[in-house]
Amino acid sequence: MSGGYAHLHPSVRHLADEDANSRIRRIRTDRWIGYARAEAVLAALEDLLSFPTRTRMPNLLLVGPTNNGKTMIVEKFRRAHPGTAAAESEDGLALLPVVKVQMPPGPDEGRFFGAILHALGMPFSPRDRIATKQDTAVRIMQAMGARMLVIDELHNVLSGSAMQQRRLLNLLRWLGNELRIPLVGVGTAEALRAIRSDDQLVNRFEPHPLPLWSDDDEYRRLLSTLEAVLPLRKPSHLADSALAGRVLSASEGVLGEMIAVVIRAAVRAVETGAEAISTRMIEDTGFIRPSERRRVVV
Ligand SMILES: Nc1ncnc2c1ncn2[C@@H]1O[C@H](COP(=O)(O)OP(=O)(O)OP(=O)(O)O)[C@@H](O)[C@H]1O
Ligand SMILES: [Mg+2]
C-alpha cells in the first residue's frame, strides 16, 4: 500500500495499487463523466418528465455533432428511470416510463413502429400491417405508463424521400398529441433541419445544443474529472495548458475523441511505467485526428 494518491477521487485511490492489467481494463471501461452541459440537459429532461399532462406537450431536441455525448446523456437518463417487470409491480403490469428508440435509416411508418414495439419488448412480424403496429405500439405505451418517448438518430428522417419525410414528421406530431407525452429528439444538425422543415413541429421542440468543446473552464474541469477517475499512480495535471491544448487539438473538440485520446495515453502511461500522461505520450499513441481519419483512403 503506497498511500496518498491525492490526485485521484477517493473512491478510485485503492485501485491505483492494482496490477497493470487490471488497471488497464478499468481505464478502458466505459464510465459516465459529468459536465455542466450534460447535467443541464439531464435537469431539463427531468423537468419534462414531471410536466403535467396538457393537450400540447413541450418537446426537446438534443442537437450536436457526431460522437459528442448525445446518446450517453439520454441513456443515463433512461437508466435513472428504469422500467418495472410485470412480476415486480403492484398491479402485475409492466411499466416503462421512458421509451427510447432509434429512428431507423430509410425510415417509414412501419419500421418506426417496429422500432417502438422492439423497445417495448413486444413481438411483432415485419409483415404486420402498419395500422396494426401503430395501434399496438400506442396501446402498449399507454398500458405501460410511458411518460416520454426518446427518438435517437432523428436525422435519419432525412434519409427518406420528401414524401416519407413529410409522413414521418406528421406522425411525430400525431404521436405527441395522441399519447400526450413529451417527445425528445436526439440527432445532428440535420435533425434540427428536419424539424425546421415542419412549421408546427419547429415551435414545439426546444433545441438544446451540445456544441464542440473549446478551451474554457468547463473543458479544464472535464479533464480534471477524467484524471481523477483513471487509476494512474502519479498526477498528470491534464488540465494544465500544454496537455489540455494537446488533447483538444488531437480531438478537434469532439467529446468522444477527447476521452479516447486520454484513455489511450493513460493505458500507455501504465504500460511504460511512467504512471502519468505527458504530451509526448499523447503523440506516441499515434492518434489520428477525426478529420484526418475521414481523409484516409481505404
Ligand atoms: N458523459 C460522458 N462520460 C464518459 N464518456 C462519454 C460521455 N459522453 C460521451 N462519452 C464518450 O464519447 C463516446 C460518444 O458518445 P455518444 O455515443 O453519446 O455520442 P453521440 O453524440 O450520440 O454520437 P452519434 O451522433 O454518432 O450517435 C462514447 O462512446 C463515450 O466513450
Ligand atoms: Mg448517438
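This is a predicted model: local features need pLDDT of at least 70, side-chain atom pairs count only at pLDDT 80 or more; totals for chains, interfaces and linings use all residues.
Tyr35 counts as buried, because its relative accessibility is 7% and buried means under 20% relative accessible area, with exposed meaning over 50% and partly exposed in between, as found with a 1.4 Å probe on protein chains only. Residues are numbered from 1 along each chain as its sequence is written, chains are lettered from A and ligands numbered from 1 in the order in which they are written, and side-chain values use heavy atoms, with hydrogens and water left out.

The ring of Tyr35 is paired with the ring of Trp213, and the two have their centres 5.1 Å apart and their planes at 65°, so this pair is edge-to-face. For such pairs, rings of Phe, Tyr and Trp (its six-membered ring) must have their centres within 6.5 Å, and planes under 30 degrees apart count as stacked, over 60 as edge-to-face and the rest as tilted. Tyr35 lies in the loop between H1 and helix H2 (36–49), while Trp213 lies in the loop between strand E5 (205–209) and H9, so the pair ties together parts that are 178 residues apart in sequence. Helices (H or I, at least four residues) and strands (E, at least two) are DSSP runs, numbered from the N terminus. Trp213 is buried, with a relative accessible area of 12%.

The structure holds three aromatic pairs. In one of them, the rings of Trp32 and Tyr35 have their centres 6.5 Å apart and their planes at 25°, so the pair is stacked. Trp32 is partly exposed, with a relative accessible area of 24%, and Trp32, Tyr35 and Trp213 form one aromatic cluster.

We turn next to a helix. Helix H11 runs over residues 255–272, has 18 residues and reaches 26 Å from its first C-alpha to its last, which is close to the 26 Å expected at 1.5 Å a residue, where the expected span is 1.5 Å times one less than the number of residues. Among the buried residues of H11 are Leu255, Met258, Val262, Ala266 and Val270. The buried residues of H11 pack against helix H1 (20–28), helix H9 (217–229), helix H10 (241–251), helix H12 (279–284) and helix H13 (290–295). After H11 comes Gly273, whose phi is positive, near 85°.

Helix H10 also holds Ala250, which is buried, with a relative accessible area of 5%. Ala250 and Pro290 are 40 residues apart in sequence and 8.2 Å apart in space, C-alpha to C-alpha.

Two loop residues come next. His81 is found in the loop between helix H3 (70–80) and strand E2 (98–102), and at 17% relative accessibility His81 counts as buried. Leaving aside neighbours within four places in sequence, His81 is in contact (heavy atoms within 4.5 Å) with Glu46, Leu49, Pro97 and Val98. Asp198, in the loop between helix H7 (189–196) and helix H8 (199–202), is buried, with a relative accessible area of 2%. Once its neighbours within four places in sequence are left aside, Asp198 is in contact with Arg166, Leu169, Asn170 and Arg173.

Last comes the empty space. Rolling a probe the size of a water molecule over the atoms shows where empty space is left. On a 1 Å grid over the protein atoms alone, a cavity is a set of points where a 1.4 Å probe fits but cannot get out, and a pocket is an open set with protein on both sides within 12 Å along at least five of seven lines, while lining residues have an atom within 4 Å of a point. The count comes to one cavity of 30 Å³ or more, and the largest cavity has a volume of about 60 Å³. Its lining includes Met57, Asn59, Arg173 and Leu201, and helix H6 (residues 162–179) gives the most to this lining, with four residues.

The largest pocket holds about 410 Å³ of space and is lined by 23 residues, of which Asn67, Asn68, Gly69, Met72 and Gly256 lie nearest its centre. The largest share of the lining of this pocket, four residues, comes from H11.

Terms used. Grid points are joined across faces, edges and corners, and a volume is the space filled by probe spheres set on the points.
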